Amino acid sequence: MAATSLNDPRRVVLVLGGAGFLGSHVVRRFARGGWRVVVVDGLLPRTGGRAASLADLAGRIELIPRRVEELADLTEHLERSEVVIDCMAWTRHQEALADPLYDLSLNLTAHLHLVGRLPAGGGQRVIYLGSRGQYGRVEGEEITEDTPMVPCDVQGVHKVAAESHYRIFAGLRRLAIVSLRLPNCFGPGQPVDGEDVGLVGGFVRDLLARRPVVVYGTDRSRYLAYAPDVAEAVWLLAECCPPGFAACNYAGRRVGLGELATRLCELVGTGEWRGAPMPEALARTEVGDARISDARLRRLLPVIPCTPLAAALRETVADVRRRLEPGE
């Protein structure tokens with residue numbers, strides 16, 4: 001479908017949480033495609049929501065710096081939108097264990113405000129960014145969308161609950177909703193402040209600070225998703241979101257943690273990594289590294305975007321270096 005101008009009201013996308021890490025990549029993809037983009041983000045403490053992350057799009061998008069719960073005209077925005085992208089999330093797993101009520105408000109309550117306002121049979125296509133963490137620790141060889149979801153941390157519990165509400169309302173109100181269950185995400189603009197910044201971000205930050213990277217456990221691996229690739233997948237799903245509710249795994253790429261640490265040491269140009277036993281607190285929420293099947297998503301999309309790992313890591317390291325070492 002041909003791209004339209006910002007002033008053309010026919011193609012409007014509403015991005016909730018669009019000033020955050022993943023949300024800002026989604027916003028950029030739709031803006032680049034010519035859609036009129038409306039962003040709602042409360043810019044809340046301890047989240048990645050920052051108006052500065054969208055500063056270069058000033059005049060091309062509309063940013064509403066409000067919590068979704070405070071948006072009196074939310075229904076009107078939903079009715080005007082062809083596509084609704086729910087990127088709202090708090091992604092700090094360990095902090096959520098210490099502050100479960102804050103996680104509840106961000107990973108469940110905020111989404112209920114949105115779900116409850118979706119107009120029945122309005123034709124909107126809705127994409128919710130879920131998490132691989134919803135499955136919890138999986139002992140089998142493969143995770144499919146039908147694998148039981150038994151999360152082992154607070155965030156996973158709330159993400160399962162939020163997705164469940166989407167599933168229920170998709171049936172009750174004849175909606176088209178896709179939940180895209182994502183693995184560890186990384187890329188330009190990812191969080192670098194605080195203790196719980198994600199796998200790749202934490203490794204890069206330690207190396208830039210001349211600290212050795214610590215890899216817990218032996219022979220562990222993780223699935224990684226590059227944020228621009230996720231945004232591209234969301235862009236493609238917006239055109240082929242099926243009626244009803246569909247949950248889809250986004251696998252990304254599987255990488256051994258030792259290999260990842262070695263690659264990042266090479267890209268940063270300094271540093272080293274060492275193995276260590278996993279602390280008991282982390283072991284209790286360890287989800288394992290069962291293979292993730294993305295066959296359902298492959299049936300929906302013409303292609304699964306996948307930037308080569310070397311290029312994706314190179315861009316991420318360069319971005320984190322610019323933000324942490326601005327004078328160099």
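Me: Helices (H or I, at least four residues) and strands (E, at least two) are DSSP runs, numbered from the N terminus. In which loop does Ser53 lie?

Reply: The model is predicted, so local features need pLDDT of at least 70 and side-chain atom pairs 80 or more, while totals for chains, interfaces and linings use all residues. Residues are numbered from 1 along each chain as its sequence is written, and side-chain values use heavy atoms, without hydrogens and water. Ser53 lies in the loop between strand E2 (36-40) and strand E3 (61-64).

Me: Which residues does Ser53 touch, leaving out those up to four places away in sequence?

Reply: Ser53 has a relative accessible area of 13% and is therefore buried (under 20%; exposed is over 50%, partly exposed in between; 1.4 Å probe, protein chains only). Contact means heavy atoms within 4.5 Å. With that sequence limit, the residues touched by Ser53 are Ala19, Ser24 and Arg28.

Me: How far is Trp35 from Glu239 in space, C-alpha to C-alpha?

Reply: Trp35 sits in the loop between helix H1 (21-32) and E2. Trp35 is buried because its relative accessibility is 3%. In sequence, Trp35 and Glu239 are 204 residues apart. Their C-alpha separation in space is 12 Å.

Me: How many disulfides are there?

Reply: A disulfide is a pair of cysteine sulfur atoms within 2.5 Å. By this rule the count is 0.

Me: Which cysteine sulfur is nearest to that of Cys240?

Reply: Cys240 counts as partly exposed because its relative accessibility is 25%. Cys240 is in no disulfide. At 7.7 Å, the nearest cysteine sulfur is that of Cys241.
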